Amino acid sequence: MDDIANESKIDHILNVRIYKSDLRSDDVYLIENFIAALQRIENQYIDSTLQLRATELLWELDQLMPHVTKTFFSVGGNRLQFYPSPIDKDVYDAEWKELNEHLEKTWDTYGTYRIAVKDRLMV
């Protein structure tokens, strides 16, 4: 999984790029590839704790990404920007709040997943 996106890359996408509305389409593809990798048979864990944490992470990513694709639009040059425009403050605030809730849950779940992987797969 680290070959697709290591912890610092996931951190940067979730906690910097999305949060600062400086997302790149490459970031979206990377997260989608990470989701696909979590679903592959070879990444299904025998250890029940790891399986649970991976399933929880997959769930949270599956909740986050549709909201990202709904609220970020291309502004050219591989850049995506948060929309709706702040012109409609109520809609903007509601979408931003929902996005942040998804980000927090996803980051917390990712942290729990990483701790379980580090704990269970120590060589």
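Helix 1 (residues 7-17) packs against helix 4 (residues 89-120), with axes that come within 11 Å and cross at roughly 170°. Here the axes are lines fitted to C-alpha atoms, for helices over the stretch in contact, and angles run from 0 to 180 degrees between N-to-C directions. That crossing makes helix 1 roughly antiparallel to helix 4 (angles over 145 degrees count as roughly antiparallel, under 35 as roughly parallel, 65 to 115 as roughly perpendicular and the rest as oblique). Helices (H or I, at least four residues) and strands (E, at least two) are DSSP runs, numbered from the N terminus. This is a predicted model, where local features need pLDDT of at least 70 and side-chain atom pairs count only at pLDDT 80 or more, while totals for chains, interfaces and linings use all residues. Residues are numbered from 1 along each chain as its sequence is written, and side-chain values use heavy atoms, with hydrogens and water left out.

On the helix 1 side, the contact (heavy atoms within 4.5 Å) is made by Glu 7, Ile 10, Asp 11, Leu 14 and Asn 15. Helix 4 answers with Leu 103, Thr 106, Trp 107, Tyr 110, Arg 114 and Lys 118. Sorted by type, the residues of this contact come out as five nonpolar, two polar and four charged (Ala, Val, Leu, Ile, Met, Phe, Trp, Tyr, Cys and Pro count as nonpolar, Asp, Glu, Lys and Arg as charged, and the others, Gly among them, as polar).

Arg 114 also turns up among the salt bridges (a side-chain nitrogen of Lys or Arg within 4 Å of a carboxyl oxygen of Asp or Glu), of which the whole structure has 11. Asp 2 pairs with Arg 114, the closest N and O atoms being 2.8 Å apart. Asp 2 sits in the segment before helix 1 and Arg 114 in helix 4, so this pair ties together parts that are 112 residues apart in sequence. Asp 2 is partly exposed, at 40% relative accessible area, whereas Arg 114 counts as buried at 11% (buried means under 20% relative accessible area, exposed over 50%, partly exposed in between, with a 1.4 Å probe and protein chains only).

Glu 7 forms a salt bridge with Arg 114 as well, with 3.5 Å between the closest N and O atoms. This one links helix 1 to helix 4 across 107 residues, and Glu 7 is partly exposed at 28%. Elsewhere, Asp 22 and Arg 24 meet in a salt bridge at 3.0 Å, N to O; Asp 22 is partly exposed at 26%, and so is Arg 24 at 22%. As for shared partners, salt bridges join Asp 2, Glu 7, Arg 114 and Lys 118 into one network.

Now to the strands, which pair if DSSP finds at least two bridges between them. Strand 3 (residues 79-82) runs antiparallel to strand 1 (residues 23-24), joined by two bridges, and Arg 24 stands opposite Arg 79. Strand 3 is also antiparallel to strand 2 (residues 72-76), this time through four bridges, with Ser 74 partnered by Leu 80. The hairpin of strand 2 and strand 3 has two residues between the strands, and Gly 77 takes a positive phi near 60° there. In a regular strand the side chains alternate between the two faces of the sheet. In strand 3, Leu 80 and Phe 82 make up the covered face, and Arg 79 and Gln 81 the uncovered one.
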